[in-house]
Amino acid sequence: MSLHRLLFLSSAEISIPLLRRLHEDARFEVIGLICQPDKPAGRKMKMKSPPAGGVAERLGIPVYQPEKFSAAGDLLALFSPANGAADAGGPALVLACACGR
């Protein structure tokens, strides 16, 4: 059985069970999570990671938080050797779950 390299796009709390399930599934290798950048929150305006970002870090999944993300080229550029990627093999699958503002 071959591994499917998967890139997960989400910031929302609702996506956490799916992210965990994919991480545990032997058929998939979650090679990264793209989510919104950390933002100030609460009275003291402390920087807070998106819910999915914190879970991904605890699972050992690389987290990417681009300030601007506008095209497929931006996504593929993250996995180019010029950006320090270990190999030029990007994701075979891209899954978006509850992405947006």
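**Figure 1. Cys 97 is buried, with a relative accessible area of 18%.** Buried means under 20% relative accessible area, exposed over 50%, and partly exposed in between (1.4 Å probe, protein chains only). Cys 35 is buried too, at 6%. The structure holds zero disulfides (pairs of cysteine sulfur atoms within 2.5 Å). This is a predicted model, in which local features need pLDDT of at least 70, side-chain atom pairs count only at pLDDT 80 or more, and totals for chains, interfaces and linings use all residues. Residues are numbered from 1 along each chain as its sequence is written, and side-chain values use heavy atoms, without hydrogens or water.

**Figure 2. The chain has three helices and six strands.** These are DSSP runs numbered from the N terminus: helices (H or I) of at least four residues, strands (E) of at least two. Along the sequence, the pattern reads β-α-β-β-β-α-β-α-β. Of the 101 residues, 29% count as buried. Confidence is highest in H1, at a mean of 96, and lowest in helix H3 (residues 72-77), at 67.

**Figure 3. Four strands form an open sheet in the order S5-S2-S1-S6.** The pairing is parallel; two strands pair if DSSP finds at least two bridges between them. S5 and strand S6 (93-96) lie at the edges, and each pairs on one side only. Four bridges join S1 and S6 in the parallel sense. Within this view, Phe 8 stands opposite Leu 95 of S6.

**Figure 4. The largest nonpolar core holds 13 residues.** Such a core is a set of buried Ala, Val, Leu, Ile, Met, Phe, Trp, Tyr and Cys residues joined through side-chain atoms within 4.5 Å. Phe 8, Leu 19, Leu 22, Val 30, Leu 33, Ala 56 and Ile 61 touch the most other members. Two or more core residues come from each of strand S1 (4-9), helix H1 (16-24), strand S2 (28-34) and helix H2 (51-59).

**Figure 5. Helix H2 buries Ala 52, Gly 53, Gly 54, Val 55 and Ala 56.** These buried residues pack against H1, S2 and strand S5 (63-64). Ala 56 is in contact (heavy atoms within 4.5 Å) with Leu 19, Leu 33, Ile 61 and Val 63, leaving aside neighbours within four places in sequence. After H2 comes Gly 60, and its phi is positive, near 80°.

**Figure 6. Ser 11 sits in the loop between S1 and H1.** Its relative accessibility is 13%, so Ser 11 counts as buried. The side chain of Ser 11 reaches the backbone nitrogen of Gln 36 at 2.8 Å.

**Figure 7. Ala 92 lies in the loop between H3 and S6.** Ala 92 is exposed, at 58% relative accessible area. Ala 92 and Leu 3 are 89 residues apart in sequence. In space, their C-alpha atoms are 9.5 Å apart. Across the chain, residues 24 or more positions apart account for 69% of the contacts with a separation of 6 or more.

Notes. Polar contact = N/O pair within 3.5 Å; in protein donor to acceptor, adjacent residues only side chain to side chain. pLDDT = per-residue confidence, 0-100.
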